[in-house]
Amino acid sequence: MRRIITSIKARVNNKLNPKSELDLLRERGLIHGSNFNFFNSHIDYGHCWLVEIGNDVTITNSTILAHDASTKLHFGKSKIGKVKIGDRVFIGYNSIILCNVRIGNDVIVAAGSIVTKDIPDDSIVAGNPAKIIRKTSDYLKKHEEFMKVKPIYDTYWPNKTQGQIEKIKKELEYDFGYDE
């Protein structure tokens, strides 16, 4: 495993042939759809060819595993299984998706969740192990109503002026709003 990681780092840092981690994963067989946002996350390099990700998916600071090496010591083999992630899925910060899991369409995985079982369409899951806590459609309706009365900020976060930042801090002292 250490050799694989060293090899990945060497290929990513190769100035003559620079490739992103996502480029390397695609070369090894990762399948993903359009509008795939992959931020500071890890997808199982050794078994990424078992991972399929749909359209309009965001994965933030999380891990996707298509293998489980807990059986390796005893049997000389690791458990492996496909991971399929549907369309319009958000996987929150520090979540882990384990092997042999299917995540449906229109799913939100809350920050810090560990997904050990299949998640149906239109679900929000949270916890360890992740459990369904509500329907995505209900959650979105609730926030659609909040957006009619809560502050909304339209300047993308890296472009905010110090004045805008101070205004937002003041307005959100005891409440929440929505940002670009």
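Which order do the strands of the open sheet of four strands have, and is the pairing parallel or antiparallel?

Modeller: This is a predicted model, in which local features need pLDDT of at least 70 and side-chain atom pairs count only at pLDDT 80 or more, while totals for chains, interfaces and linings use all residues. Residues are numbered from 1 along each chain as its sequence is written, and side-chain values use heavy atoms, with hydrogens and water left out.

The order of the open sheet is β3-β6-β11-β14, with parallel pairing; strands here are DSSP runs (E, at least two residues), helices likewise (H or I, at least four), numbered from the N terminus, and two strands pair if DSSP finds at least two bridges between them. At the edges, β3 (42–43) and β14 (114–115) each pair on one side only. Strand β3 is joined to β6 (residues 63–64) by two bridges, and His 42 stands opposite Thr 63 in β6.

Ile 43 is among the residues with the most contacts inside the largest nonpolar core, which has 29 residues; such a core is a set of buried Ala, Val, Leu, Ile, Met, Phe, Trp, Tyr and Cys residues joined through side-chain atoms within 4.5 Å, where buried means under 20% relative accessible area (exposed is over 50%, partly exposed in between; 1.4 Å probe, protein chains only). The largest share of this core, three residues, comes from α2. Beyond four places in sequence, the contacts of Ile 43 (heavy atoms within 4.5 Å) include Leu 25, Val 51 and Ile 64. Val 51, in strand β4, is buried with a relative accessible area of 0%, and also touches Ala 66 and Val 83.
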